[in-house]
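Subject: Structure handover

Hello,

Here is the structure I promised to pass on. Please open it alongside this email, and my notes follow below.

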Amino acid sequence: MSLTIHSDEHFMKEALKQARMAAEEGEIPIGAVVVANKQIIARAYNQTERLNDPTAHAEMLALTAATNYLGTKYLVDCSLYVTLEPCGMCAGALYWSQIGKLIYAARDEKRGFNFINPKLIHPKTEVVQGPYSTEAGQLVTDFFKKLRNT
């Protein structure tokens, strides 16, 4: 399959690269990228273990990097691509950033915002379950399977 440079598939592949980097470092394999004007302006992956910080989720780190890059706290013209459906904390941060579009790959049936409260996302934010849900979900499943077996 050939990917066009500015497609959801292309940007989610970049988020998956971040998720794999997290896995290599022993972090839960979740990656995120923020896109503005068809360009990636922020990349991040989970770093809760490295930073000893329960808030250092991929989405939180990506939002911080994007707002710093743009010099604004609002991301209305941006899209966040993330490999796993955001948790309640990250959904709250997305709400306050007023992110224009959220594209997530795999659903999180236990901790995802849709399970907790779908209204955690800003009403103007477009939400899409995007490509590579199987691959992104498998990264998380394999990570926890390996963790239980060690």
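Which residues of helix 4 are buried? They are Gly88, Cys90, Ala91, Gly92, Ala93, Leu94 and Ser97. Before I go on, please keep in mind that this is a predicted model.

**Helix 4 and its surroundings**

Seven of the 10 residues of helix 4 are buried, so the helix is largely enclosed by the rest of the structure. What do those buried residues pack against? Their partners are helix 3 (58-70), strand 3, strand 4 (101-106) and helix 5 (113-116). Just after helix 4 comes glutamine 98, with a positive phi of about 55°.

Proline 86 sits in the loop between strand 3 (78-84) and helix 4 (88-97). Is proline 86 buried or exposed? Proline 86 counts as buried, because its relative accessibility is 0%. Leaving out residues up to four places away in sequence, proline 86 touches Glu59, Ala91, Leu94, Leu102, Tyr104, Arg111, Gly112 and Phe113. Asparagine 68 is another matter: 18 residues separate it from proline 86 along the chain, and their C-alpha atoms are 21 Å apart.

**The chain as a whole**

Now step back. The protein chain has six helices and five strands. Along the sequence they follow the pattern α-β-β-α-α-β-α-β-α-β-α. The C-alpha trace spans about 45 × 35 × 25 Å along its principal axes. The radius of gyration is 14 Å. A compact globule of 150 residues would have a value near 15 Å, so the two agree.

Of the 150 residues, 48% are buried. Take the contacts between residues at least 6 apart in sequence: 57% of them join residues at least 24 apart. The chain exposes about 8200 Å². Carbon and sulfur atoms supply 51% of that area.

**Charges and salt bridges**

The protein chain carries 16 positive and 16 negative side chains. The centres of the two sets lie 2 Å apart. How many salt bridges does the structure hold? There are six. Here are some of them.

Lysine 17 and glutamate 14 meet through their side chains at 2.9 Å, N to O. Both belong to helix 1 (residues 8-24). They are three residues apart there, which means a separation of about one helical turn. Lysine 17 counts as partly exposed, at 44% relative accessibility. Glutamate 14 is buried, with a relative accessible area of 11%.

A second salt bridge joins the side chains of glutamate 25 and arginine 50 at 3.1 Å, N to O. This pair links distant parts of the chain, 25 residues apart. Glutamate 25 lies in the loop between helix 1 and strand 1 (31-36), while arginine 50 lies in helix 2 (residues 48-51). Glutamate 25 is partly exposed, with a relative accessible area of 37%.

Arginine 107 forms a salt bridge with glutamate 109. Their closest N and O atoms are 4.0 Å apart. Arginine 107 is partly exposed, with a relative accessible area of 38%. Glutamate 109 counts as exposed, at 56% relative accessibility. There is also a network: salt bridges that share partners join Glu14, Lys17 and Arg43.

Glutamine 18 is in helix 1. Glutamine 18 is buried, with a relative accessible area of 8%. Which residues does it contact, leaving aside neighbours within four places in sequence? They are Gly31, Ala32, Arg43, Ala44 and Tyr45. Arg43 also takes part in the salt-bridge network with Glu14 and Lys17.

Threonine 48 is in helix 2. Threonine 48 has a relative accessible area of 19%; the cut-off for buried is under 20%, so threonine 48 counts as buried. Leaving aside neighbours within four places in sequence, threonine 48 is in contact with Glu27, Asp53, Pro54, Ala56 and His57.

Best wishes

Technical notes. Residues are numbered from 1 along each chain as its sequence is written. This is a predicted model: local features need pLDDT of at least 70, side-chain atom pairs count only at pLDDT 80 or more; totals for chains, interfaces and linings use all residues. Side-chain values use heavy atoms; hydrogens and water are left out. Helices (H or I, at least four residues) and strands (E, at least two) are DSSP runs, numbered from the N terminus. Buried means under 20% relative accessible area, exposed over 50%, partly exposed in between (1.4 Å probe, protein chains only). Contact means heavy atoms within 4.5 Å. The radius of gyration is taken over C-alpha atoms; the globule rule is 2.2 Å times the number of residues to the power 0.38. Accessible areas come from the Shrake-Rupley method with a 1.4 Å probe; for residues, only the protein chains shown count as cover. Lys and Arg count as positive and Asp and Glu as negative; His and the chain ends are not counted. The place of a charge is taken as NZ of Lys, CZ of Arg, CG of Asp or CD of Glu.
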